[in-house]
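Let's take a walk through this protein together, one stop at a time. Have a look at the model first, and then read on.

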Amino acid sequence: MDDFMLHYAVHTLEGLELFPAGSTLSAETLDEVMLSRGEALPGTSTLLDFGSIKTDILKLLGEVPYCAVFSDETQRASVLDLLGKVRLILPALETLSYFRANDFYTYRHILMVFALSTLLARELLKDERVLIEEAVAGPSHDMGKICVPLEILRKAEPLTRTERHVLEHHTVAGYVLLSYYLKDPQGPAARAARDHHERMDGSGYPSRVRLSDPLVQIVAASDVYDALISPRPYRPTSYDNRTALEEMTGMAERGELGWDVVQVLVAHNRKNKPHYSACNISTEKRGTPPSDNRYGLIQEEEEDQG
């Protein structure tokens, strides 16, 4: 990653400021922050044994459309077995507890991106070690949202341009936090946090780089899908499943997402669960996005009356 200007501060859940606003994030400054922690790594816990996470995931997997995506009992059991092997650092688990208490949408979203990306990775990443790495990356991809004020995360009206920039800050903030705790800026968790909004054609953020990492592509596609099919503060009505899949097909047509990832997702939405390589995807668009969607709209900034 090239040197990056941090327009907003990066802080831990406890309020420890790692980078003040206006700092430059570089390999050297990140090394300094990582060294400030000392040598000891945070403790870990088995993810599914922490709090109500296992109960919550099982409940969410039973809801539409995930009940169809995970309808194959053998595949579902295999995914849950893989998730049961994941150990996560305590700061990431405490972040999940924070969102469960303060912004349930973000909590739910993190869990479902975690489960879905693990399912897709079983088809695309055959190495068990790589699968575990992918699973570890999933439940921490939005960790940087602890640096975004709750009033922005929960805002129902269109964001202002400034608020949009603050929200996008969560990618780099998550990268810094996971690098700080894990002392591994190149690890799967840090990469997924930083790059899950990048796109293969270079149209994403924060750095507009071409996304080529297969693991992060899976997290990115899972992130898009769950965002579309879920109610959100700015869109009370979610996309129906057909329209969501058509939106993702369009992203693949434009070169933003990989065709293979979209094919796996579509295959798991079909009753007979064909192998993704044999899954033909129609490019016809018949779905209708929800009429109350305010995503992408920019609210004018209020003028300073001072």
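## A pocket, a cavity and a buried arginine

Helix H13, which covers residues 241-253, supplies the largest share of the lining of the second largest pocket, namely 4 residues. Keep in mind that you're looking at a predicted model. So who else is around that pocket? The space they line has a volume of about 260 Å³.

Now for a cavity. How many cavities of 30 Å³ or more turn up in a search of the whole structure? The answer is 1. The largest cavity has a volume of about 40 Å³. Two elements, H5 and H10, each give two or more residues to its lining. H5 provides the largest share, with 3 residues. If you'd like to find the spot yourself, look for Thr12, Leu13, Glu14, Pro91, Glu94, Thr95, Met143, Ile146, Leu177 and Tyr181, which line the largest cavity. This lining divides into 6 nonpolar, 2 polar and 2 charged residues.

Let's stay with helix H5 for a moment. It runs over residues 90-102, so to speak, 13 residues in total. From first C-alpha to last, H5 reaches 18 Å, close to the 18 Å expected at 1.5 Å a residue. Which residues of H5 are buried? They are Pro91, Ala92, Leu93, Thr95, Leu96 and Phe99. The cover over these buried residues includes strands S5 (44-46) and S6 (87-89), along with helices H2 (53-61), H6 (104-124), H8 (150-153) and H10 (170-182).

Arg199 sits in the loop between helix H11 (188-195) and helix H12 (214-229). Is Arg199 buried or exposed? Its relative accessibility is 10%, so Arg199 counts as buried, since the cut-off for buried is under 20%. And what is packed around it? Beyond its neighbours within four places in sequence, Arg199 is in contact with Gly204, Val209, Arg210, Leu211, Ala220, Val224, Met251, Glu256 and Leu257. Its side chain also reaches the backbone oxygen of His196, at 3.3 Å.

Technical notes:
Residues numbered from 1 in each chain as written. Predicted model: local features only at pLDDT ≥ 70, side-chain atom pairs only at ≥ 80, totals over all residues. Heavy atoms only, no water. Buried < 20%, exposed > 50% of the residue type's maximum accessible area, 1.4 Å probe, protein only. Contact = heavy atoms within 4.5 Å. Polar contact = N/O pair within 3.5 Å; in protein donor to acceptor, adjacent residues only side chain to side chain. 1 Å grid on protein atoms, 1.4 Å probe; cavity = no way out; pocket = protein on both sides within 12 Å on 5 of 7 lines; lining within 4 Å. Points joined across faces, edges and corners; volume = space filled by probe spheres on them. Expected span 1.5 Å × (residues − 1). Nonpolar A, V, L, I, M, F, W, Y, C, P; charged D, E, K, R; others polar.
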